[in-house]
Amino acid sequence: MDTDQQGNVEAAFSLPNELIAIIFDELDVVSLLRCKQVCQLFRSVITTNAHLLYKAELFFGRFENGRNCNLDTAGRLRACRQYQQAWNNLSFPDSQFIDMQDGHAWELSGGVLCQAMQSQSGLTCVQLPCKIKDIPERKWTIDDFGFRIRDFTIDTSQDLIVALEIVGPIPNRTCNVHLRTLMTGEHHPMAAVPFVTHLLSNMHEELIFLIQICGSRIAVLCQEHGDDSNPRLVVWNWKSGQQKLFIQDTDLRSFSFVTEDLLLVGVIAVDRDETPPRLDILSIDSFSEEIEEYKDVNYICGLEYPKMKADILGMLIRSEPTPGWSPSQTIETPFFFARSDRIFTITMRVSPESNSTEECTVLIVPLSTIMAQVGLSLNTQKRIVPWTQWGPNGSYMLLRSPSETWVCYGYGMKFIQLLPWKKGNSARVYDFNKYAARRDVRNEQTTEPKLLWTRLGMPQSLSSRCSAFDEEVNTYLPGRVAIVEVMPSDTPHEWEAAMIGEDNIVLVSRNARQYGYIAM
């Protein structure tokens, strides 16, 4: 070491610890942990500084710092560690039951369970509690919107309800997309118009809607039952009322927001022959207000499924939370799930040719997998990506029991699967946060109590249990899995489905007309 270098090292070690900590705060967490291994001084500075420790805990837990919390940094650090410990131990001390209302429409989003009332013109809402984050249970009712709610969704971060009203007889029916506040049901003050109207140019009585909100945009996919279905996907800027996208095609099946500009669209060719299903990524900003057939759409890239030999009965894409979501300003949460990565769940119901029993596959795809393919497609249009180039090492596929009950199976990087035994009182929880799985490995090498989780090791194979595909399907994502008792074994209800949120697990029993939840 020359004289100048030695002088620089001595100068660094002569700095006050507080100044060293300020310098370390400019580093990313990976570099911070490397500095921790340099010497005793750096290790001491990092391990005794609450702000640096909290920064590391947020990184490993995949959290963002809350904006509306009065806790100091030391208090947030304690809460964050307690919260992660609760997930590690699958500790949900609080449990409650909620009566089911009409049952035709409900939504779990942002820690709030909303359901349409029996009058079908009002909503009941429950904010689910979390003691660690000091979030209390809160219930409220919006008695009458002034119209029959056909379907709805909510965005707690913007105090927004998007509620659909069907007006008029066939063939002159229209759909009014109402924009109301979640807390009061009044017209939303940020919306330029109280509702936008869309003409339903189909002759079917039974309609299925999929509604999503992402920042200033709302998207509605309208499908009808029957072989001659011609789904329509429309996107508006709900604040201005301007239509941003309008596409229709028999091949459209589902969608989800990737970013406020990018959509992930499920495409199944009606006349598919050898064409496998695809997950297309398209840019909303590249569209005009004119209606377009999907065959004319210049999507960015299409991620192909494995080749299939089964008839496809349905597809649903879900991802929670949406990219622009953050906790409501009325909730003083110290931290919340980071929007930098989350999973998309693509549920596909199929009827194999060799088997009369319906099967259901769930493909779990992280946001990072999708964005990697978008990055590789910047200079091309309609780039088709075969399954072998993206799926085996960028997704995770599993089987679940077919169900007609609509639920939110995933949140953030977690996915839940209700198990059929013990009256549905147990569930398998997957956590695809790779950093949590790595911490589990370190835990196994210490004298700390063994965790309930098991690492996802070898690639997952469906070949022996699923007859839907025409090729061997092996998938792998880093993560961990555990089985949790979601309700006491003496619970009188038989649960049919499970939903997972950031701080809780919600059970659904349509036969008993009950919801149940367990919370941290």
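Which residues have the most contacts inside the largest nonpolar core? In this predicted model, they are Ile 364, Phe 415, Phe 432 and Ile 505. The core itself has 51 residues. Helix α6, spanning residues 73-89, supplies its largest share, six residues. In soluble globular proteins, nonpolar side chains tend to be buried together.

Leaving aside residues up to four places away in sequence, Ile 505 touches Phe 92, Ile 416, Val 429, Val 484, Val 486, Met 499, Ile 500, Gly 516, Tyr 517 and Ile 518.

Aromatic pairs were searched next. The whole structure holds 21 of them. The ring centres of Phe 63 and Phe 335 are 5.1 Å apart, and the planes meet at 40°, so this pair is tilted. Phe 63 belongs to strand β1 (residues 63-65) and Phe 335 to strand β21 (residues 335-337), so the pair ties together parts 272 residues apart in sequence. Phe 63 counts as buried at 13% relative accessibility. Phe 335 also counts as buried, at 0%.

The pair of Tyr 294 and Tyr 299 is stacked, because the planes lie at 5° with the centres 6.3 Å apart. Tyr 294 is buried at 5% relative accessibility, and Tyr 299 is buried at 8%. Ring pairs also join Tyr 396, Tyr 409, Phe 415, Tyr 430 and Phe 432 into a cluster.

Notes: Residues are numbered from 1 along each chain as its sequence is written. This is a predicted model: local features need pLDDT of at least 70, side-chain atom pairs count only at pLDDT 80 or more; totals for chains, interfaces and linings use all residues. Side-chain values use heavy atoms; hydrogens and water are left out. A nonpolar core is a set of buried Ala, Val, Leu, Ile, Met, Phe, Trp, Tyr and Cys residues joined through side-chain atoms within 4.5 Å. Buried means under 20% relative accessible area, exposed over 50%, partly exposed in between (1.4 Å probe, protein chains only). Helices (H or I, at least four residues) and strands (E, at least two) are DSSP runs, numbered from the N terminus. Contact means heavy atoms within 4.5 Å. Rings of Phe, Tyr and Trp (its six-membered ring) pair if their centres lie within 6.5 Å; planes under 30 degrees apart count as stacked, over 60 as edge-to-face and the rest as tilted.
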